[in-house]
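Keep the structure open next to them as you read.

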6 protein chains.
Amino acid sequence: MNMRPNNREINQLRDITIETDYTKHPEGSVLITVGDTKVICNASIEDRVPPFMRGQGKGWITAEYAMLPRATDQRNIRESSKGKVSGRTMEIQRLIGRSLRAVVDLDKIGERTVWVDCDVVQADGGTRTASITGAFVAIVLAFGTLIEKKAIKEMPIRDYLAATSVGVMPNDTEILDLQYEEDSQAKVDMNIVMTGNGEFVEIQGTGEEATFSVTQLQTMLGLADHGLKEIFQKQKEALGKWAGYLKEKEA
Amino acid sequence: MNMRPNNREINQLRDITIETDYTKHPEGSVLITVGDTKVICNASIEDRVPPFMRGQGKGWITAEYAMLPRATDQRNIRESSKGKVSGRTMEIQRLIGRSLRAVVDLDKIGERTVWVDCDVVQADGGTRTASITGAFVAIVLAFGTLIEKKAIKEMPIRDYLAATSVGVMPNDTEILDLQYEEDSQAKVDMNIVMTGNGEFVEIQGTGEEATFSVTQLQTMLGLADHGLKEIFQKQKEALGKWAGYLKEKEA
Amino acid sequence: MNMRPNNREINQLRDITIETDYTKHPEGSVLITVGDTKVICNASIEDRVPPFMRGQGKGWITAEYAMLPRATDQRNIRESSKGKVSGRTMEIQRLIGRSLRAVVDLDKIGERTVWVDCDVVQADGGTRTASITGAFVAIVLAFGTLIEKKAIKEMPIRDYLAATSVGVMPNDTEILDLQYEEDSQAKVDMNIVMTGNGEFVEIQGTGEEATFSVTQLQTMLGLADHGLKEIFQKQKEALGKWAGYLKEKEA
Amino acid sequence: MNMRPNNREINQLRDITIETDYTKHPEGSVLITVGDTKVICNASIEDRVPPFMRGQGKGWITAEYAMLPRATDQRNIRESSKGKVSGRTMEIQRLIGRSLRAVVDLDKIGERTVWVDCDVVQADGGTRTASITGAFVAIVLAFGTLIEKKAIKEMPIRDYLAATSVGVMPNDTEILDLQYEEDSQAKVDMNIVMTGNGEFVEIQGTGEEATFSVTQLQTMLGLADHGLKEIFQKQKEALGKWAGYLKEKEA
Amino acid sequence: MNMRPNNREINQLRDITIETDYTKHPEGSVLITVGDTKVICNASIEDRVPPFMRGQGKGWITAEYAMLPRATDQRNIRESSKGKVSGRTMEIQRLIGRSLRAVVDLDKIGERTVWVDCDVVQADGGTRTASITGAFVAIVLAFGTLIEKKAIKEMPIRDYLAATSVGVMPNDTEILDLQYEEDSQAKVDMNIVMTGNGEFVEIQGTGEEATFSVTQLQTMLGLADHGLKEIFQKQKEALGKWAGYLKEKEA
Amino acid sequence: MNMRPNNREINQLRDITIETDYTKHPEGSVLITVGDTKVICNASIEDRVPPFMRGQGKGWITAEYAMLPRATDQRNIRESSKGKVSGRTMEIQRLIGRSLRAVVDLDKIGERTVWVDCDVVQADGGTRTASITGAFVAIVLAFGTLIEKKAIKEMPIRDYLAATSVGVMPNDTEILDLQYEEDSQAKVDMNIVMTGNGEFVEIQGTGEEATFSVTQLQTMLGLADHGLKEIFQKQKEALGKWAGYLKEKEA
């Protein structure tokens with residue numbers, strides 16, 4: 001008996017679309033849609049690095065994350081009005097930046113900073129994992145722009161990178177890619193960031209007023225692995241010609 | 001000899017589209033496109049008013065405005081990271097809120113606050129006027145939602161409301177609807193907010209290190225009047241059935 | 001039948017006095033009194049410009065505005081205690097700075113910043129326009145100090161600059177120079193900044209929950225023009241010998 | 001051989017004037033001038049107390065202190081622009097409030113807050129002591145307003161209150177009422193707040209990279225006592241009829 | 001060949017001591033020492049809950065984390081001076097609070113908030129896991145205080161809770177309980193929070209510019225499990241009589 | 001009849017211990033205990049001075065003070081969470097820094113900043129005076145570290161420095177070294193900072209809603225002098241070999 005919203009299977013992702021060149025100014029611009037979750041991921045290249053990295057001949061990647069006030073069911077106060085960024089926002093933007101840095105060869109981009117902005121236009125669960133998946137495409141496009149401008153010679157990416165969520169529902173069922181309705185009930189919520197060749201970049205599993213066993217952990221990791229294979233395929237399609245640059249790397 | 005970008009005439013607006021129901025959560029949601037300027041205008045209804053207005057039986061409208069960091073050619077630092085809202089942002093959101101309040105009958109919406117969020121996804125000049133034009137459509141849609149929920153009985157709108165910019169170029173030509181390339185060179189920049197029946201709601205004319213004569217003022221007002229008539233037509237089309245509710249009012 | 005407070009005519013300004021050399025430290029210091037509105041306008045010269053302007057050989061003018069907590073009928077919380085500057089304050093200080101820059105030849109003052117501080121000691125309406133009128137006198141005095149020190153050769157001012165307010169009362173009468181009692185009732189409030197030769201520098205007309213017609217606009221512009229002629233005369237008297245430096249420029 | 005600026009004696013105060021009813025809105029308003037130091041002291045009555053004091057039937061006094069940016073020889077950045085109040089400002093406003101509370105019978109003013117704002121228009125040393133001396137007069141006037149409105153029955157003041165500074169110069173001379181030129185050289189700086197009957201309310205003596213002996217302390221206390229007697233006389237004259245209310249108390 | 005500092009085995013914890021009743025004011029106070037890492041963990045009981053939880057008859061736990069400025073090799077600027085809490089701090093305090101809530105029965109503590117303050121006196125790696133381990137002891141002691149005061153009837157704790165770190169070194173060795181020298185070189189860093197019966201509460205594994213395989217994950221989980229068994233024993237000893245209250249629960 | 005808590009005499013200090021080398025990272029680290037008041041005083045050496053002092057060849061000392069949230073009977077909100085430092089904290093850290101600078105020969109430490117962090121672990125009155133007494137020992141140790149590293153040649157300290165409090169109780173008894181229970185009732189509170197040879201560095205005497213006479217002042221100064229002699233002895237013992245370096249100076 002299937003109880004998931006929209007009759008999804010336990011191991012079924014929501015529909016994913018990745019629209020490239022979404023806005024005109026950024027070096028890489030993507031609108032990623034995962035079910036009803038929509039995030040604009042823009043990658044901007046700045047020709048210098050933060051002070052603590054100057055003179056090392058390598059680059060840096062930093063990410064910022066925000067939601068439009070009415071991306072959610074209830075309107076949220078803007079963080080600019082509150083005058084500070086919430087703990088949740090900081091955690092997410094640190095996660096996105098760290099994940100991207102794990103697959104980018106910072107030595108090959110020169111003293112440049114890549115600013116990745118993930119702005120959630122509409123939220124329905126999984127905004128941080130959609131941000132990582134979309135941001136990866138955006139930075140490949142941005143590096144593509146640098147290659148076309150002959151600012152760098154090769155694609156400084158070691159592998160594909162994507163993320164999804166898994167969780168345990170109150171009835172102890174493990175499921176893949178939680179939408180908001182599921183996320184708000186789940187006992188355990190786990191975000192997995194992986195590379196194209198199946199290595200972990202980040203695992204964050206959390207029981208909120210609950211715990212989980214080793215067996216449940218293994219089941220969740222299996223679901224994530226299954227879902228991420230499909231997501232990497234979507235990224236390849238979206239990247240078009242730039243996917244070839246990554247293929248060469250894999251060879 | 002026509003010197004405007006895209007061969008526009010002196011009194012010609014850029015292409016305008018107004019997409020309604022752009023996101024699913026807000027009571028009214030619009031994506032307005034004016035040339036390459038794109039703004040998401042969301043109207044959210046909250047069932048209470050700020051403390052200073054409680055117990056008066058009337059409502060309130062407040063507006064917030066922001067740009068995605070890479071809405072512009074150069075990336076801007078987020079105001080949430082800076083921990084404060086800039087003077088420019090404050091000016092714009094005060095202008096949007098004041099303009100909307102001029103055509104809404106606050107006595108007819110009960111003790112409710114309408115939060116209008118104008119988030120610029122892509123900027124190419126005229127973001128504040130596009131915000132006002134789009135926000136007007138969003139609040140009509142939001143009031144439509146309240147009517148459908150039978151929370152209010154009639155459309156609490158006195159008239160259409162839209163805005164455009166006019167300016168004086170360095171060669172002393174007055175032009176309508178400045179895009180960024182023009183805006184950055186103009187000697188004088190003027191924003192006009194008008195109602196459907198041709199009354200002014202707001203005039204803000206500014207010479208930056210320059211001045212303008214009474215004659216130039218008259219010419220600019222004429223150009224604005226011409227452009228706004230076309231914009232009101234676009235709003236009517238976007239509003240669909242809700243335009244009818246406004247028509248009755250005009251009768 | 002005259003209904004204005006103090007039996008003022010519709011086109012009559014309040015009494016204006018401009019006391020120069022009000023405090024001893026600033027390069028230019030003025031106390032301007034417009035009816036019961038009193039503003040200290042101090043102009044300070046700093047021998048450098050903000051980072052974004054360095055190396056261009058030209059100067060900059062920046063203005064700040066504040067009210068003493070009890071300048072008004074009810075005490076206001078200090079903005080330093082609140083930890084941020086309000087939107088109203090930012091709008092006003094941006095307006096003052098922009099207006100002054102329109103008549104100053106920034107190329108002729110070298111790499112210097114003029115800080116203009118307008119501090120309202122007592123408020124009774126029209127504090128921003130009084131600030132502009134007083135600040136103009138203060139900067140002329142400050143440039144006079146530079147001339148006396150032989151730091152610059154000529155008065156870097158293109159023309160006189162002053163401001164006043166006009167408005168529309170609930171009974172649709174247009175009036176000049178609104179005091180607080182009038183301002184708080186007015187349907188339309190317009191601030192006009194003009195140069196000595198009758199050019200506009202800034203027009204800001206606002207209907208708060210109201211609108212205004214082209215005819216009303218014309219009437220208000222006429223009242224402002226009438227009032228500003230008298231104000232320019234007051235400035236000339238206050239400037240004493242420095243008025244001569246401006247006269248030469250006019251020749 | 002007299003070496004003080006303006007040929008002042010070691011135990012001679014600068015000229016002091018106390019102008020009452022300086023602005024029209026506050027319940028008590030004073031401009032105090034001590035030499036070239038000028039401070040506006042406004043006392044505002046609010047008909048409620050802070051949350052932590054509610055329901056006790058007694059009042060509260062709180063003081064705020066600020067300087068106009070160009071009150072000093074070099075322009076200071078506004079604390080509102082910096083977004084926070086400096087340690088120096090906090091120390092001074094805590095001192096003013098504490099001093100005033102020492103002579104006011106808070107049980108006799110009902111659940112009211114007296115806000116005392118000391119705004120330095122021009123600084124030449126001794127701004128904090130001038131603020132205390134002027135603030136005392138301002139609160140007596142404010143309580144006078146309450147008596148005239150029949151909000152309270154008697155003057156809730158136990159005694160006169162005033163302050164002055166003393167110090168030790170590099171040549172080990174002790175002097176009274178330091179002006180800025182002296183203050184900036186002094187080895188030791190001491191502020192004394194006293195009541196009319198010669199009791200101490202506050203003593204703050206500080207050696208900046210220096211120390212002082214018991215003998216020097218005694219000499220400084222003697223100078224302060226001498227100077228304060230003259231200051232109490234100035235306060236009495238400024239208070240006019242309200243001085244009578246204080247006299248009765250002394251009886 | 002053993003290469004760890006202090007000749008530690010791969011699966012060997014540093015010395016751990018847990019000193020109870022460390023300061024006199026808190027309901028529960030602990031100094032935990034893990035090698036050279038020293039953290040004061042204080043649990044304070046407040047007899048009310050945050051606004052969003054009022055009226056539900058249950059309690060709340062919130063944690064704060066900070067380091068003394070010179071807890072580390074280089075002095076850090078205080079977060080109070082910077083005026084904001086860093087992303088790292090927020091992540092850690094959210095983690096501590098979430099972990100504690102997983103083993104506390106919030107329904108059994110009434111409408112009370114437990115404030116857990118973890119202040120790092122000296123840091124040598126593993127401050128967040130030491131904080132969780134020490135904070136658990138502190139809250140048990142605090143609940144013990146409530147039991148002694150007869151404010152609650154039974155120990156509202158479902159199980160023991162502790163945390164440790166594991167990681168992968170550049171030579172691909174997996175190790176337990178990283179000290180700073182190791183942590184700063186590790187390719188992968190993982191924090192594990194577990195309950196006494198071996199369930200996970202939180203897993204956070206991170207590759208900084210690196211990735212890890214499923215096999216490495218399994219090895220790290222095994223090391224953590226091994227180390228935590230020893231830590232739970234230390235907690236039991238520290239808890240003294242209160243360990244009995246937890247034992248009963250296990251029965 | 002002795003009424004002090006713990007049967008202390010009027011002129012009796014609480015027990016004082018000064019533990020050196022309390023933590024391992026700082027150049028000088030001390031835990032001072034005065035009765036139940038415990039403060040960690042760490043002195044950190046930074047090899048540069050603030051911008052306003054560069055190029056003068058001399059050093060600077062700056063102090064920061066904080067309390068753990070539960071150092072007191074009621075938990076205090078962290079200043080980092082409030083986003084600003086309180087007036088009380090600023091006053092105390094300014095006092096500590098100023099006091100230390102009075103006995104240090106800043107010309108002899110080169111362009112270095114000494115950061116002194118006083119963190120109160122447990123508070124029972126007299127935290128600011130304990131901080132000064134402990135901080136003095138910490139900086140001597142830190143300068144000792146510099147001497148051992150041959151970074152400076154001699155101990156740049158002119159004399160011992162310590163502080164204590166005196167006060168007047170409601171029954172007009174003057175007492176030495178107030179603990180919290182006494183401090184909260186005292187009519188007058190006075191902090192005295194002195195050098196080893198009996199010179200004053202700072203006197204801060206305050207009546208909160210009370211005043212004090214010259215006689216009471218003299219009695220309090222006598223008590224402080226008596227107590228400080230004992231405290232200097234404790235410092236000498238704690239300093240061990242470094243006390244010798246100070247002795248030479250006295251010779």
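**Notes on the chains and their contacts**

1. F:E154 is partly exposed, with a relative accessible area of 41%. Its salt-bridge partner is F:K108, and the closest N and O atoms are 3.9 Å apart. F:K108 sits in the loop between α2 (87-101) and β5 of chain F, while F:E154 sits in the loop between α3 (127-148) and β6 (161-168), so the pair ties together parts 46 residues apart in sequence. F:K108 is partly exposed too, at 34% relative accessible area. Bear in mind throughout that this is a predicted model.

2. Chain B has a salt bridge of its own between B:K187 and B:D172, with 3.0 Å between the closest N and O atoms. This one links distant parts of the chain, 15 residues apart: B:K187 is in the loop between α4 (180-183) and β8 (188-195), and B:D172 is in the loop between β6 (161-168) and β7 (174-176). B:K187 comes out as partly exposed, with a relative accessible area of 26%. B:D172 also counts as partly exposed, at 38% relative accessibility.

3. Now a pair that crosses between chains. B:R70 forms a salt bridge with A:E27, the closest N and O atoms being 2.6 Å apart. B:R70 comes from the loop between β4 (60-67) and α1 (79-82) of chain B, and A:E27 from the loop between β1 (16-20) and β2 (28-34) of chain A. Buried or exposed? B:R70 counts as buried, at 5% relative accessibility. A:E27 is buried as well, with a relative accessible area of 18%; the cut-off for buried is under 20%.

4. In chain A, a network of salt bridges links A:R4, A:R8, A:R14, A:D124, A:D177 and A:E182.

5. The interface of chain E with chain A deserves a look. Here 34 residues of chain E are in contact with 34 residues of chain A. The area buried between the two chains is about 3,000 Å², with carbon and sulfur atoms giving 50% of it. E:E91, E:F200 and E:E209 supply 20% of the area that chain E buries against chain A, more than any other three residues.

6. Staying with chains E and A, the rule finds two salt bridges across their interface. A:E91 forms a salt bridge with E:R94, with the closest N and O atoms 2.5 Å apart. On chain E's side, the elements giving two or more residues are α2 (87-101), β9 (200-207) and α5 (214-239). Of these, β9(E) gives the most, with eight residues. By class, that side has 13 nonpolar, ten polar and eleven charged residues.

7. Which strands pair between chains A and E? Strand β9 (residues 200-207) of chain A pairs with β9(E) in the antiparallel sense, over five bridges. Within that pairing, A:I203 stands opposite E:G205.

8. Next, the interface of chain F with chain E: 37 residues of chain F are in contact with 37 residues of chain E. The two chains bury about 2,900 Å² between them, 46% of it on carbon and sulfur atoms. The salt-bridge count is 14, and one of these joins the side chains of E:R78 and F:D117 (2.8 Å, N to O). The interface also has 25 residue pairs in polar contact, both at pLDDT 80 or more. On chain F's side, β3 (37-46), β4 (60-67), α1 (79-82) and β5 (113-122) each supply at least two residues. That side has 14 nonpolar, nine polar and 14 charged residues.

9. Last, a strand in chain C. Nine of the ten residues of β5(C) (residues 113-122) are buried, so the strand is largely enclosed by the rest of the structure. Strand β3 (residues 37-46) of chain C runs antiparallel to β5(C), joined by nine bridges, and C:N42 has C:D117 as its bridge partner. Strand β4 (residues 60-67) of chain C runs parallel to β5(C), with eight bridges; here C:W60 stands opposite C:T113.

Technical notes
Residues numbered from 1 in each chain as written. Chains lettered and ligands numbered in written order. Predicted model: local features only at pLDDT ≥ 70, side-chain atom pairs only at ≥ 80, totals over all residues. Heavy atoms only, no water. Contact = heavy atoms within 4.5 Å. Buried area = accessible area lost by both parts, 1.4 Å probe. Salt bridge = Lys/Arg side-chain N within 4 Å of Asp/Glu carboxyl O. Helix = DSSP H or I, 4+ residues; strand = E, 2+ residues; numbered from the N terminus. Nonpolar A, V, L, I, M, F, W, Y, C, P; charged D, E, K, R; others polar. Pairing = 2+ DSSP bridges. Polar contact = N/O pair within 3.5 Å; in protein donor to acceptor, adjacent residues only side chain to side chain. Buried < 20%, exposed > 50% of the residue type's maximum accessible area, 1.4 Å probe, protein only.
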